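Me: I would like to learn how to read salt bridges in a protein model. Could you take me through some cases?

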Amino acid sequence: MAEAKALTPRATDFSAWYNELIARAQLADYSPVRGCMVIRPNGYAIWEQMQRALDQMFKDTGHQNAYFPLFIPQSFLSREAEHIEGFAPELAVVTHGGGKELEEPLVIRPTSETIIYSMYAKWIQSYRDLPVLINQWANVVRWEMRTRLFLRTTEFLWQEGHTAHATESEAEEETLRMLGVYRTFMEEWMAMPVVTGRKTDSERFAGALRTYSCEALMQDNKALQAGTSHNLGQNFSRAFEVTFQTASGDLDHVWNTSWGVSTRLVGALIMAHGDDAGLICPPRLAQYQVVIVPIYRSDEERATVLDTAERTRKELAAAGIRVHLDARDGMKPGAKYYEWEGRGVPMRLEIGPRDVASGTAVLARRTGGKKESLALAGLGPALVAAMEAMQREMLEGARARREANSLRGATKDQFLARLESGGGFIYAGFCGRGECEAEIKEQTKATIRVLPDAEFRSPQVPDTCMWCGGPSVTEAVWARAY
RNA sequence: CGGGGUGUGGCGCAGUCCGGUAGCGCGCCUGCUUUGGGAGCAGGAGGUCCCGGGUUCGAAUCCCGGCGCCCCGACCA
């Protein structure tokens with residue numbers, strides 16, 4: 001019976017473990033429509049926490065939220081040649097409305113560059129109107145062939161920032177600033193270390209000049225692209241005639257950026273931190289940071305224990321902790337432990353008759369270690385400190401795991417061997433030729449995740465291409481990826 | 001769209017070969033006893049057996065035709 005209640009172990013079947021965890025923690029469910037998912041309250045709560053943190057970071061960097069429509073005239077997509085080419089196969093198209101066939105089909109946005117820059121064309125006249133710094137929280141639709149809950153679904157939620165600038169260097173600065181914001185969010189909130197860098201042309205966003213991304217390593221040693229930031233150059237401003245008059249009176253096209261992260265981050269969180277007992281949510285993102293489980297036998301015990309538990313709950317809430325008292329009757333404490341562990345709650349407080357008598361509570365950390373008895377007096381600050389420590393340790397642990405699963409300066413043989421023996425990030429020299437990149441992808445299914453930013457580069461960058469032996473122009477990070 | 005699998009109470013399955021009118025586990029409801037790591041007992045609710053046709057006295061089961069879903073390959077945050 002115990003077996004039936006446990007998740008498939010991560011080590012046995014990572015993908016089964018992932019799916020079962022989501023079902024068990026009630027994060028999401030499959031929808032009647034193929035490839036779509038229903039985000040259940042427990043899953044949505046995580047997304048809300050992410051939104052809250054990111055939204056504040058966007059505001060702090062000068063951005064405002066706005067909302068653009070779901071429907072885009074089909075002709076808009078084809079204005080930017082590379083863009084339409086990139087998205088054509090995965091578009092959902094509306095051909096009928098109000099019982100009639102539409103004169104022009106409407107595309108359901110796969111992303112909003114076209115509709116947004118068509119509006120910017122109206123709003124921007126002068127360099128005094130720049131920069132325009134707008135973000136929107138929205139759903140988008142991409143008709144994917146193979147889907148997985150959170151990681152790739154036909155419809156997903158995300159934010160997309162779209163900015164317009166007077167110069168290329170300002171646009172580049174913005175692109176990198178937002179990449180940095182993502183990195184900070186992933187490290188500081190998700191406790192998930194990432195490698196940042198530039199994408200190769202083959203992995204570049206359709207219509208962008210340059211694409212940068214944050215790449216995270218999951219516990220099965222596959223890479224996950226967790227966030228992207230694009231310098232769009234003047235590709236869209238030319239297509240949509242977004243022009244402005246410069247201080248010297250010339251007419252110029254604006255320089256655009258766009259950047260986004262999606263509900264995929266929930267999947268990243270699961271795969272970065274989950275264990276065989278379920279999700280492990282870092283304290284800063286947890287809907288409930290602390291759950292109190294009362295323990296009692298008789299009705300009298302129940303009354304006194306619940307009284308103490310409720311007073312403790314109020315105290316912790318007053319200390320700014322997101323706390324929940326699980327007072328459900330007719331459920332054994334052990335069953336509650338398993339349930340909250342599955343949902344990833346960082347801290348559990350057990351309060352029973354013995355604790356009431358001694359003015360203590362038992363603390364269990366989701367990340368493991370011995371249970372600990374803490375005095376009820378001063379519990380708030382103690383838990384805040386414990387959570388800060390957990391947040392830090394989770395990041396450090398994940399970073400250590402990533403480094404342990406990164407191979408630097410790989411030769412071709414080492415590269416091939418590593419892919420077979422577990423994967424992870426593989427750093428090696430790269431000649432920069434698309435032919436090499438494509439051949440590697442075809443033969444090994446490994447792709448260049450990024451050309452890493454300076455701080456992630458190896459101390460000694462290889463001078464030959466790992467694959468063809470030609471001169472290396474840069475170091476690249478390869479991995480098999482989601 | 002190719003290759004493989006599978007459709008039976010909410011979920012997971014048995015029953016199909018060899019036709020006889022549907023069962024098990026979990027979950028759910030009620031009651032009592034329980035509660036410091038997934039409770040026990042008793043009673044109970046719940047099923048067009050994917051759909052359509054055919055064979056037969058009789059079809060979850062046999063035959064024909066559809067459809068859905070899952071896994072593997074070509075696309076992708």
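Me: Does Asp-201 count as buried or exposed, and what is the relative accessibility behind that?

Reply: Keep in mind that this is a predicted model. Exposed means over 50% relative accessible area. Asp-201 has 56% relative accessibility, so this residue counts as exposed. The Asp-201 side chain meets that of Arg-204 in a salt bridge, at 3.5 Å from N to O.

Me: How many salt bridges does the structure hold?

Reply: There are 28 salt bridges. To count, a side-chain nitrogen of Lys or Arg must lie within 4 Å of a carboxyl oxygen of Asp or Glu. One of the 28 joins Lys-59 to Asp-55, with the closest N and O atoms 2.6 Å apart.

Me: How are Lys-59 and Asp-55 placed in helix H3?

Reply: They sit 4 residues apart in helix H3, which spans residues 41-60, so about one helical turn separates them. Lys-59 is partly exposed, at 38% relative accessibility. Asp-55 is at 16% and counts as buried, because the cut-off for buried is under 20%.

Me: Which residue forms a salt bridge with Glu-187?

Reply: Arg-183 does, and the closest N and O atoms are 3.0 Å apart.

Me: Are Glu-187 and Arg-183 buried or exposed?

Reply: Both Glu-187 and Arg-183 are buried.

Me: Which residues are linked with Arg-183 and Glu-187 in a network of salt bridges?

Reply: Arg-399 and Glu-455 are linked with them in that network.

Note on methods: Residues are numbered from 1 along each chain as its sequence is written. Chains are lettered from A and ligands numbered from 1 in the order in which they are written. This is a predicted model: local features need pLDDT of at least 70, side-chain atom pairs count only at pLDDT 80 or more; totals for chains, interfaces and linings use all residues. Side-chain values use heavy atoms; hydrogens and water are left out. Helices (H or I, at least four residues) and strands (E, at least two) are DSSP runs, numbered from the N terminus. Buried means under 20% relative accessible area, exposed over 50%, partly exposed in between (1.4 Å probe, protein chains only).
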